[in-house]
Amino acid sequence: MRATLSEQQELLRQTTREFAQRELEPNAARVDDEERFPRQQFDGLAKLGLLGLTMPEAEGGAGGGYSELAVVIEEIAAACGSTSTVFVTHVSLGSACIARYGNADQRRRWLPALASGGKIAAFALSEPGSGSDALELQTTAIRDGGEYVLNGSKIFITNGEVADVFVVFVNSHRDQGHRGINAIVVERGAPGFSVAHMGGKMGMRGSATSELVFQDCRVPAANRLSDEGRGYSVALSILSTSRVSIAAQCIGLARGAYEAGVAYSTQRRTFGALLSEHQAIQFMLADMATEIDAARLLTHRAAWLVDKGLPHVKETAMAKLFASEVANRVAHKALQIHGGSGYFRPSKVERVYRDQRVTEIYEGTSEIQRLIIARSILKDGAT
Ligand SMILES: Cc1cc2nc3c(=O)[nH]c(=O)nc-3n(C[C@H](O)[C@H](O)[C@H](O)COP(=O)(O)OP(=O)(O)OC[C@H]3O[C@@H](n4cnc5c(N)ncnc54)[C@H](O)[C@@H]3O)c2cc1C
């Protein structure tokens, strides 16, 4: 594993950073304030070819790995949290399910449009009655000839309002535990399928969160990903790799707040000196920089393991857990450095303070990450 980026990754970082600073950063406060899906920003990422970054070349993607994805997500998140959530959900949750578990027909049918941005993907696992304990999901999909009939609802679904392709986790055999769960692609417009806006989020306000309702919604059986009863494995595997993406998002959010903190500390004067000349502030900056670097190293190790096809469940959980808590601590310190001016909108540190909070909740809470890590340590040994 390299400790620094390859030449190609460095180029990718520069290209994404230029785009993020030009197109995302100047609009981030408005996206947050208006709670508006960042369509123009999403289209810009599509034009750069980033939506298909990790998709197979045969289906219009770039065939890149999670190491490249982590580089890109950090840059997007450093500029606009909402856009990074939209991007992560599209690429490393929804599209990844089809890329990894779709058969040749399914990949041909959906991936080229997802890679080009012609279609948007969502990932629907959580329900009103089940979040961390995803196995308890109540939405059913009962086979009826060549179709599944779906009934139930999903909540907190990112991209829900705008997505065209939804990977929905359903229970087809309640008596069979995790072997009763299927992953089924539902397309917008399917009969009996409706989407309702869920507004009022604390942060990531542009990420178009929705409730999905299925009422005798009929979907062709050919839309099921992988074999009958493999849906739970699909969800676990996708969430495990997507934790690299959330960790990278946290690094970007933290870096955005940290850079704002450094900039402010070198402009604002108190007691006849710049804030950056007070040792208490210097110590905050030092801790922030060190923790961001440590989170980045954990994240790139996790990405490297995923890309090499090596065991990674513990390491992606560690990266997500640590990076999300770093983002929290860094956002807290960056706001503290800004004093009262950091508490009012539009202030970048105020926005990041709200945006980062959900990273300790979605794609598995911090408590769930600790359970995953502990189980792995106790099963495989402490090293
Ligand atoms: C903005 C946002 C976007 C989201 N996007 C999506 C999406 O696109 N798709 C999707 O499917 N879901 C999405 N989610 C849902 C998210 O993944 C869940 O909120 C998360 O998994 C937690 O589930 P829950 O909210 O039901 O909390 P619960 O599972 O009810 O947990 C409540 C609290 O109890 C703790 N807890 C639960 N079980 C244990 C245990 N065994 N030991 C110790 N502590 C425990 C949890 O850590 C948490 O602190 C999103 C959520 C938000 C807020």
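Student: Where is the place of Arg36?
Tutor: This is a predicted model, in which local features need pLDDT of at least 70, side-chain atom pairs count only at pLDDT 80 or more, and totals for chains, interfaces and linings use all residues. Residues are numbered from 1 along each chain as its sequence is written. Helices (H or I, at least four residues) and strands (E, at least two) are DSSP runs, numbered from the N terminus. In these terms, the place of Arg36 is in the loop between H1 and helix H2 (39-47).

Student: As what does Arg36 count, given its C-beta neighbours inside 10 Å?
Tutor: A residue is buried if 20 or more other C-beta atoms lie within 10 Å of its own, exposed if 12 or fewer, and partly exposed in between, with C-beta atoms placed from the backbone. Arg36 has 15 C-beta neighbours inside 10 Å, and therefore counts as partly exposed.

Student: Which residues does Arg36 touch, not counting residues up to four places away in sequence?
Tutor: Two residues are in contact if their C-beta atoms, placed from the backbone, lie within 7 Å. Arg370 is 334 residues from Arg36 in sequence and 34 Å from Arg36 in space, C-alpha to C-alpha. With residues up to four places away in sequence left out, Arg36 touches Val31 and Gly206.

Student: What share of the contacts in the protein with a separation of 6 or more comes from residues 24 or more positions apart?
Tutor: The protein has 10 helices and 10 strands. Among its contacts with a separation of 6 or more, the share from residues 24 or more positions apart is 75%.

Student: What radius of gyration does the protein have, and what value would a compact globule have?
Tutor: The radius of gyration is taken over C-alpha atoms, and the globule rule is 2.2 Å times the number of residues to the power 0.38. The C-alpha trace spans about 80 × 50 × 40 Å along its principal axes. For 383 residues a compact globule would have a radius of gyration near 21 Å, so there is agreement with the value of the protein, 21 Å.

Student: Which element gives the largest share of the side of domain 1 that touches domain 2?
Tutor: The assignment gives domain 1 (7-119), domain 2 (123-229) and domain 3 (232-380), with bounds that come from an automatic or database domain assignment. The contact between domain 1 and domain 2 takes 22 residues from domain 1 and 19 residues from domain 2. On the side of domain 1, the elements that give two or more residues are helix H1 (7-34), helix H4 (81-101) and helix H5 (104-116). The largest share, 11 residues, comes from H4.

Student: Between which domains does the ligand lie, and why?
Tutor: The shell around the ligand has 20 residues, the closest being Leu125, Gly131, Ser132, Thr365 and Glu367, where near means a C-beta atom, placed from the backbone, within 6 Å. Strand S1 (121-124), strand S3 (147-157) and helix H10 (366-380) each give two or more residues to this shell. Because two domains both give residues to the shell, the ligand lies between domain 2 (123-229) and domain 3 (232-380).

Student: Which residue in S4 is the bridge partner of Phe123?
Tutor: In a regular strand the side chains alternate between the two faces of the sheet. In S1, Ala121 and Phe123 point one way and Ala122 and Ala124 the other way, and all are buried. Two strands pair if DSSP finds at least two bridges between them; S1 and strand S4 (residues 165-171) pair in the parallel sense over four bridges. The bridge partner of Phe123 in S4 is Val167.

Student: Which residue in S7 stands opposite Ile157?
Tutor: S3 and S7 pair in the antiparallel sense over eight bridges. Phe156 is placed in S3, and its phi is near 65°, a positive value in a residue other than glycine. Phe156 is buried, with 20 other C-beta atoms within 10 Å. The residue opposite Ile157 is Ser210.

Student: What is the phi of Met204?
Tutor: Met204 lies in the loop between strand S6 (193-197) and strand S7 (210-220), and these strands pair in the antiparallel sense over five bridges. Met204 is buried, with 29 other C-beta atoms within 10 Å. In this residue other than glycine, phi has a positive value, near 45°.

Student: What is omega for the cis peptide bond that joins Arg345 and Pro346?
Tutor: Pro346 has its place in the loop between helix H8 (313-338) and helix H9 (348-355). For the cis peptide bond between Arg345 and Pro346, omega is about -10°.
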